Amino acid sequence: MSDATSKIFTAPSQLATNAYDYIIVGGGSAGCVLANKLSSNSALTVLLIESGSNNAGVAAAQIPLLFSQLFHTKNDWDYNTTPQDALAGRSLYWPRGKILGGCSSMNAMMVTEGAGSDYDQWTKEGVTGWTFSDLKPIFRLLEDHVPRDSTQTPHSARGVGGPRSTGYGNLSPICSAYLQAATKVGIKYNRDVNTGENPLGGTEVMTFVSTQGASKGQRSSSATAFLTEDVLRRSNLTVLCETSVLRVIFSESEGSPKASGVEVATSPDSETFKIQAKREIILSAGAINTPKLLLLSGIGPEEDLKKVGVPVVYNSAVVGKNLLDHPTTGSITFRAKPGATIDWHLSQVGGQEAAMKLWMETGKGVFSSNVAETTAFFRSTDVKEHPGMAGKYPIIPVDDWTSGPTAPDVEVIGAPTGFIKHGSVPVVNGFTLFPILLAPQSHGFVQLKSSDPWAAPIIDPKTFSHPNDVAIMTRALRLCLRIARCAPLVDQLEIVTDVDKSDFLWLGSRDPDLVTDAELKEHIVNNAETNYHPAGTARMGTPDTGVLDSHLRVYGVRGLRVCDASALPTLPAGHPDITVCGIAYLQAERMLADESY
Ligand SMILES: Cc1cc2nc3c(=O)[nH]c(=O)nc-3n(C[C@H](O)[C@H](O)[C@H](O)COP(=O)(O)OP(=O)(O)OC[C@H]3O[C@@H](n4cnc5c(N)ncnc54)[C@H](O)[C@@H]3O)c2cc1C
């Protein structure tokens, strides 16, 4: 263990003091950024508390291809939703990172900023200071970009020298074939969807995978980027892992209640400790655990708090409401021709060993794959020319809920492997199309089940409960079936025709002209899952609509902020890691520049 990582403590009894200027709760995407930035001022003492373990040495958090091996392990909160009415009563598995780096240590490493209008629309809701022009320069500061080659965006248009590596990892030929096939149904190729101006089109996925230096081929998470050895050596920064914050403590004083400390413990049976915050507490525990902590601390809808016997500190009607997510319809799986996919290569004798050797020596090859190697962003309203059965199934009408004319409402990942039920179903030689809804109207909630801080909360996302969400994805599914029948992708697939509905190849086997809308909807009901982007549960807004003001301060109390995916009023049309990190970075800059901010 190096000097720096030995500074990561694993029990509150090991701490030298029990008072810090800032206490950050949760060392995930946002928490690691905040810890880095705030402790860059040596006059401030900062404590970062994380429930999970140190990320160092966790292979599945390091090797891109293996991210789903973290699911259902001790590094996963392993949440489940309530039975979903619109999905035949199925409960959905919701993985969440419980490890330094949080979800950025377990995610699929896709870098997508969404459309500029996704951020700009927040101003209409009374949220100021978070437009795309505020955040775009921060996104560039965060990244250290390495283009794949001269056909990719030049260095100058992206960020260079920032803490988080962005670049292009493994690209399987079958995924390139997918992007070419997508152009045949009108989805243009876009070499860089991360400019804010034009996020539409098919593209090789930019990833948070390092492509140079000693860490080449490895995941670049918020922990590896922001809690480097140099940062961990700072005497004013303390990182406490394997310790959970149970609630925020408020002091009785004049005016509104003041958040003065946190109660922590390492397990349900262990002793509890109180740690004092001299300035502020910042909750960065993620979109499920942040509202849970607010509720456990007495901030939330009065009626809900009373039901579970939590004394009310501030009656805030919106805490835990507005649970947003980007759901997927579930995979469309195809059988590929031998040799075309990652799982075929790994299934060959000696295949795994050879691939691992390549990855260790060069950082390249299939172990550097983030699975989601290519993707296509489009607007369902642009899909006008593909009715089913020569017009018998006309294009379903949909409402446009996007933030503006360049914002997509659908994304379809093309992956060179099977990815069924979160990667838990073994597939040999599978190719996956993975459709994701980016502008969902179905909103749910997070609520306490009991006042026990160790109990999982109630998570009810109401996935696909809004008919427009189903209509958009029914269109998207038919389009996916068409793409799969276009060259050159179709040449790499073995499309079967006679499989049973219970077979995972069934939907892919259906002819886009003959499959009925009812069958497409049935696929959604039986296969929809989360695409892992919960947000909005402690959203910024006005005192009526939000939990937080535009400075991320919790309404009704003092000394308490929230900075993580919960704070987003709506989800940008992409994958939220970079957005969350950008918000944390800018928030910390503002706090460092102005003490009264
Ligand atoms: C499987 C998966 C794939 C994804 N793929 C992508 C992708 O490819 N690209 C992308 O941009 N986004 C992706 N996401 C989403 C993205 O990673 C998250 O939106 C983002 O990381 C959320 O950041 P956060 O800071 O809000 O929360 P998190 O990163 O979840 O951090 C919260 C941290 O708080 C800790 N914590 C919680 N409760 C407590 C407590 N009581 N006390 C102490 N610590 C606590 C947690 O253990 C965790 O470390 C994915 C997510 C998952 C799960």
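Author: The UniProt annotation "binding site", from an unreviewed entry, covers Val245. UniProt positions are given in the numbering used here, feature names are shortened, and annotations may be inferred rather than shown by experiment. Residues are numbered from 1 along each chain as its sequence is written. This is a predicted model: local features need pLDDT of at least 70, side-chain atom pairs count only at pLDDT 80 or more, and totals for chains, interfaces and linings use all residues.

Val245 sits in strand β10. Helices (H or I, at least four residues) and strands (E, at least two) are DSSP runs, numbered from the N terminus. Is Val245 buried or exposed? Val245 counts as buried, because 26 C-beta neighbours lie inside 10 Å. The cut-offs are these: buried means 20 or more other C-beta atoms within 10 Å of the residue's own, exposed means 12 or fewer, and partly exposed lies in between; C-beta atoms are placed from the backbone.

Next, the contacts. Two residues are in contact if their C-beta atoms, placed from the backbone, lie within 7 Å. Leaving out residues up to four places away in sequence, Val245 touches Val25, Ile49, Val262, Val264 and Leu293.

Take Ile49 from that list. Ile49 belongs to strand β3, residues 46-49. Ile49 is buried, because 28 other C-beta atoms lie within 10 Å. Its contacts, again not counting residues up to four places away in sequence, are Ile23, Val25, Leu240, Thr243, Val245 and Val264. By contrast, Ala181 is 47 Å from Ile49 in space, C-alpha to C-alpha, and 132 residues away in sequence.

Now the strands behind these contacts. Two strands pair if DSSP finds at least two bridges between them. Strand β2 (residues 19-25) pairs with strand β12 (residues 273-283) in the parallel sense, over six bridges. There, Val25 stands opposite Leu283 of β12. Strand β11 (residues 258-265) pairs with β12 in the antiparallel sense, over four bridges. Val262 faces Ile275 in β12. A further partner of β12 is β23: the two run parallel and are joined by three bridges. The bridge partner of Ile282 in β23 is Arg561.

Then the ligand. Around the ligand stand 40 residues, the closest being Gly26, Gly28, Gly102, His575 and Asp577. A residue is near a molecule or strand if its C-beta atom, placed from the backbone, lies within 6 Å of it. Which elements give two or more residues to this shell? They are α1 (29-38), β10 (244-251), α7 (286-296) and α14 (577-593). The largest share, four residues, comes from α7. By class, the shell has 18 nonpolar, 17 polar and five charged residues. Here Ala, Val, Leu, Ile, Met, Phe, Trp, Tyr, Cys and Pro count as nonpolar, Asp, Glu, Lys and Arg as charged, and the others, Gly among them, as polar.

Helix α1 deserves a word. Among the buried residues are Ser29, Cys32 and Lys37.

For "domain: Glucose-methanol-choline oxidoreductase N-terminal", in an unreviewed entry, UniProt lists residues 286-300. That span is 73% helix and 13% strand, and its end C-alpha atoms lie 17 Å apart.

Last, the annotated histidines. The UniProt annotation "active site", also from an unreviewed entry, covers His533 and His575. They are spread over 43 residues of sequence but cluster in space, with a largest C-alpha distance of 7.1 Å.

His575 lies in the loop between β23 and α14. With 26 C-beta neighbours inside 10 Å, His575 counts as buried. Beyond four places in sequence, His575 touches Met110, Thr112 and His533.

His533 lies in the loop between β22 (529-530) and β23 (560-562). His533 is buried too, with 25 other C-beta atoms within 10 Å. With residues up to four places away again left out, the contacts of His533 are Asp325, His326, Leu571, His575 and Pro576.
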